[in-house]
Structure formats: structure tokens, C-alpha cells
Amino acid sequence: AIDISTLSRQTGHTTLDYGFVNTSATKSAITFIDGDQGILRYRGYPIEQLAENSTYLEVAWLLIYGELPTETELAEFDERIRHHTLLHEDLKRFFSSLPYTAHPMSVLSSATAALSTYYEDSFDPSNPEHVELNTIRLLAKLPVIAAYAHKKSVGQAFLYPDNSLSFVDNFLKLNFGVLSELYEINPVMSRALERLLILHEDHEQNASTSTVRLVGSTGANQFSSISAGINALYGPLHGGANEAVLNMLAQIRESGESVQRFVERVKNKEDGVKLMGFGHRVYKNYDPRAKLVKESADEVLRELGVHDPLLDLAKELEEIALEDDYFQERRLYPNVDFYTGVIYKAMGFPTRMFTVLFAIGRLPGWLAHWREMQSDPQTKIGRPQQLYVGAPERNYPGIG
Ligand code: ACO
């Protein structure tokens with residue numbers, strides 16, 4: 001294989017590529033995207049088929065180990081994860097030191113980083129047994145941390161995981177169960193959430209996954225790398241867009257501004273306002289995930305008995321934008337974040353939990369990339385070049 005970094009060192013050539021629009025930082029066998037055609041496949045399987053037929057853990061296995069699991073493999077994987085859901089009681093106290101107003105994404109990333117302090121065996125990425133154990137710990141504990149971040153923000157007591165339940169049902173109970181009350185799982189909500197999580201499980205070298213890989217390339221453990229990925233996801237141009245979309249829709253509705261007028265403000269770039277949930281670095285066609293989410297939004301809201309005028313507003317926005325030259329010329333279509341928030345809201349999640357749900361969805365992808373990178377003999381520490389444009393050498397004149 002050609003090692004471009006050696007080649008460029010030898011020839012003295014370097015490229016300047018803001019935002020890495022044209023630069024591949026790695027080879028990967030995990031996810032395929034064709035942005036012009038709107039195609040997304042995990043390990044070769046079309047996202048539409050996985051979303052329809054599989055479960056979150058089945059897809060997690062597929063992403064991490066490369067093939068679909070057998071029934072026995074999946075059952076054992078599920079069982080192992082169920083046995084690691086408990087958080088250390090001391091870690092539970094960590095949440096008390098944070099204000100209840102803390103954004104759940106900040107809570108999630110800091111508690112994930114804090115897991116390192118409990119698992120010393122995570123510091124040896126070359127030990128496959130330890131890597132495996134800490135992969136399982138993350139899959140098991142991140143949803144519990146996420147639910148505690150939620151409970152903390154609404155001032156309710158933390159529940160212990162109920163390991164008689166499936167991964168998604170356990171998560172729902174941890175979020176919406178209240179002490180001493182019997183929590184009844186709503187199968188519509190459970191299946192809808194499972195589908196949404198599957199749609200988020202991987203998306204090749206996006207900003208958060210690249211962050212996980214970059215941090216991991218230094219030899220940092222899975223907890224530190226994934227905590228960094230969560231922070232990258234938090235930004236409104238990335239995973240934070242799902243929260244931003246709902247805030248945008250609510251603002252339009254509250255202000256009484258017409259959708260047409262809002263779109264005009266976006267086109268005129270007034271105050272830098274963007275149509276959140278639209279546009280993508282890779283998709284120059286309809287995001288296949290957004291297509292699936294849009295299809296299920298109506299169905300899920302109907303089945304949950306929720307009518308939300310914000311869904312009508314989102315559809316009106318999409319219709320107007322897709323007809324408009326500005327969006328057509330720039331090939332801007334709805335991305336995965338455009339309709340997810342409306343569904344999460346109907347399920348009862350507060351807006352500030354939306355990106356946390358994205359993070360739980362994306363975790364298997366982050367883990368798969370971290371592991372793929374560790375096992376690739378060509379991996380090097382990530383270290384971009386720069387073009388220096390500052391002052392030439394000059395003498396220090398003293399402070400005068
Ligand atoms: N609303 C209005 N205009 C937009 C939007 C938008 N949502 N997205 C891009 N544009 C415009 C840009 O202003 C630019 O116009 P110009 O050529 O007149 O300057 C042109 O389209 C190209 O946009 P770039 O910002 O260069 O595209 P890039 O690939 O760098 O950015 C991004 C992609 C960040 C996703 C962008 O489309 C965006 O900010 N969208 C809104 C935020 C969002 O929804 N993010 C979620 C992405 S999906 C995910 O991370 C899960």
C-alpha cells in the first residue's frame with residue numbers, strides 16, 4: 001500500500017484542505033455512503049433493510065465485528081451487556097456535584113470521561129480482552145448515564161437498570177419510570193426508538209467519529225476517545241442540530257413569522273440564520289435516514305396519539321425549501337436531524353436530551369472505528385500539517 005504521508009514527506013508536498021473536504025484520513029471497511037445517490041450501507045447492508053428488520057444490538061455487533069451475529073452470538077452479547085449496566089455507586093454521586101441546569105450532553109461527556117477512573121484496565125489498547133470488556137462496559141453504561149443526566153435535569157430519583165428488559169426498554173424505563181410506580185413499556189415507542197437508534201449507529205468519518213479516531217490515535221483509551229466524540233457531536237452543526245431544529249420550529253411558531261419569511265431570512269443570511277436540519281457535507285441528495293425518519297414521524301405520532309403542529313410546520317418548511325432555487329442550487333436537503341426531534345418530543349424527551357439520544361445511537365459506530373483504527377497496522381498518530389502565515393523571524397524588542 002502507498003503511504004501518502006511518507007510520500008508527501010519525501011516530495012515536500014502538502015495540501016491545504018479546510019474542513020477536510022477532499023482528504024481521506026484513513027481506509028475503512030465499516031460504512032459506505034454515496035452522497036449523490038443518497039445511499040447508506042453498514043458493512044454492505046442497506047440502512048433501509050437494517051432499520052426495518054434488526055435491533056440496535058444486532059447492528060452494533062455488525063458494525064463492531066464485521067458480520068451479522070448468529071442467534072447465539074447475539075444472545076450472549078445481549079447477556080453480557082445486561083450484566084454491565086450498573087454504575088459504581090460513587091459514580092452516581094458524581095451527578096450530585098453538577099447543577100440540575102447542566103446540559104445533559106455536558107453531563108454525558110464528563111461522566112463518560114470519568115469512567116476511566118474506575119477501569120484502569122482500559123489503558124492498554126493492545127490487550128484484546130481489555131478492549132472487549134471496555135467496549136461492553138460502554139455499551140451497557142452509556143444509556144444509564146444518559147438516563148441519569150435526564151433524571152438529574154428534571155429532579156427525579158435515579159432508577160436501577162432493570163436487566164429483565166431489552167436494551168431499548170430498559171433505557172425507556174430508566175428515563176420515564178418513576179420510583180414505586182409500575183412502568184409499562186409502550187411497544188410503539190420502543191420500536192420507534194430502536195429504529196431511530198439504528199439509523200444513527202454509524203456514518204463513517206463525520207466530525208465526532210474523526211474526533212474519536214484522532215484522540216484514539218494517540219493511544220488514549222475508549223472512554224477518553226468517546227467522551228471527546230460526544231463533545232464533538234454536541235455542536236449545532238453536527239449532532240446538536242436535532243435540538244436546534246426543534247428550537248427553530250418553536251421560535252417560528254411563537255413569533256408568528258410566516259415560513260416564507262423565515263426562508264427569505266435564511267437565503268439572505270440575515271444574522272447568520274440557517275435552516276437547521278438541512279444540508280450535509282456528503283449528501284447532495286435526500287439523506288436516506290431523513291427519508292425513513294420522515295416516513296415514521298406521522299405514523300409514530302398517530303400511534304402515540306400526539307398531534308404536534310411543529311410537524312406540520314417542518315413539512316411546510318421542507319416543501320418551500322425544496323422548491324426554492326437557493327436550496328436547489330446548493331443541493332440542500334433535509335438531513336437526519338430534521339424530523340427526529342418531533343418524534344423524540346412526542347415520546348416525552350425534553351429538547352436538551354435529543355443530542356444525547358444521538359450519542360447513544362452513534363456509540364457502536366464510534367467503538368467500531370476506534371477498534372478498526374487500533375487493529376490497522378498502518379495507523380499513525382493523527383497530526384495534520386499547517387501552512388504557517390504568521391510573522392517571519394524577528395528580535396524581541398523588550399516591553400516599551
Ligand atoms: N441553511 C442555509 N444555507 C445553508 C445550509 C443551511 N442549513 N447549509 C448550507 N448552506 C449554504 C451555505 O451557506 C453555503 O452557501 P454559499 O455557497 O452561498 O456560501 C452552501 O450552502 C454550502 O454550505 P457549506 O457550509 O459550505 O457546506 P458544508 O458541507 O461545509 O456544511 C453543514 C455542511 C455543516 C451540515 C451545513 O449544511 C449546515 O450548517 N447545516 C445546518 C446544520 C445541520 O443541520 N447540521 C447537521 C448535519 S447532519 C449531522 O451532523 C448528523
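This is a predicted model: local features need pLDDT of at least 70, side-chain atom pairs count only at pLDDT 80 or more; totals for chains, interfaces and linings use all residues.

Reader: Nice. Which helix is Y344 in?
Author: Y344 sits in helix α17.

Reader: And what does Y344 touch, leaving out residues up to four places away in sequence?
Author: F349, F354 and L357. For F354 there is also a distance: its C-alpha atom is 6.8 Å from that of Y344, and the two are 10 residues apart along the chain.

Reader: Good. On to helix pairs: at what angle do α13 and α15 pack?
Author: The angle between α13 (residues 259-267) and α15 (residues 309-323) is about 55°, and their axes are 10 Å apart. The two helices are therefore oblique to each other.

Reader: Which hand does the crossing of α13 and α15 have?
Author: α13 passes α15 in a right-handed crossing.

Reader: Which residues make the contact?
Author: From α13 they are V259, Q260 and V263, and α15 brings in L313, E316, L317, I320 and A321. By class, the contact of α13 with α15 has 6 nonpolar residues, 1 polar and 1 charged.

Reader: How do α10 and α11 pack?
Author: Here α10 (residues 207-216) and α11 (residues 222-234) meet at an angle of about 150°, with their axes 8 Å apart. Since angles over 145 degrees count that way, α10 is roughly antiparallel to α11. The crossing of α10 and α11 is right-handed.

Reader: Who's in that contact?
Author: On the α10 side, A207, S208, T209, T211, V212, V215 and G216; on the α11 side, S224, S225, I226, A228, G229, A232 and L233. The contact of α10 with α11 divides into 7 nonpolar and 7 polar residues, with no charged ones.

Reader: What about α9, how far apart are its end C-alpha atoms?
Author: They are 18 Å apart.

Reader: Which residues of α9 are buried?
Author: M189 and A192 are buried, and so are L193, E194, R195, L196, L197, I198 and L199. What the buried residues of α9 pack against is α2, α3, α8, α14, α17 and α18.

Reader: Changing topic to backbone angles: what phi does R43 have?
Author: R43 has a positive phi of about 50°, although it is not a glycine. Most residues other than glycine have a negative phi. R43 lies in the loop between β2 and β3, and its 19 C-beta neighbours inside 10 Å make it count as partly exposed.

Reader: And E204, what's its phi?
Author: E204 also has a positive phi, of about 40°, without being a glycine. E204 is in the loop between α9 and α10. With 17 C-beta neighbours inside 10 Å, E204 counts as partly exposed.

Reader: Last one: where is G382?
Author: G382 is in the segment after α18. Setting aside neighbours within four places in sequence, G382 is in contact with A25, R213, L214 and S217.

Reader: How many residues separate G382 and A25 in sequence?
Author: They are 357 residues apart in sequence, while their C-alpha atoms are 8.4 Å apart in space. G382 has 16 C-beta neighbours inside 10 Å and therefore counts as partly exposed.

Note on methods:
Residues are numbered from 1 along each chain as its sequence is written. Axes are lines fitted to C-alpha atoms, for helices over the stretch in contact, and angles run from 0 to 180 degrees between N-to-C directions. Helices (H or I, at least four residues) and strands (E, at least two) are DSSP runs, numbered from the N terminus. Angles under 35 degrees count as roughly parallel, over 145 as roughly antiparallel, 65 to 115 as roughly perpendicular and the rest as oblique. A crossing is left-handed if the near helix is turned anticlockwise from the far one by less than a right angle, and right-handed if clockwise. Two residues are in contact if their C-beta atoms, placed from the backbone, lie within 7 Å. Ala, Val, Leu, Ile, Met, Phe, Trp, Tyr, Cys and Pro count as nonpolar, Asp, Glu, Lys and Arg as charged, and the others, Gly among them, as polar. The expected span of a helix is 1.5 Å times one less than its number of residues. A residue is buried if 20 or more other C-beta atoms lie within 10 Å of its own, exposed if 12 or fewer, and partly exposed in between; C-beta atoms are placed from the backbone.
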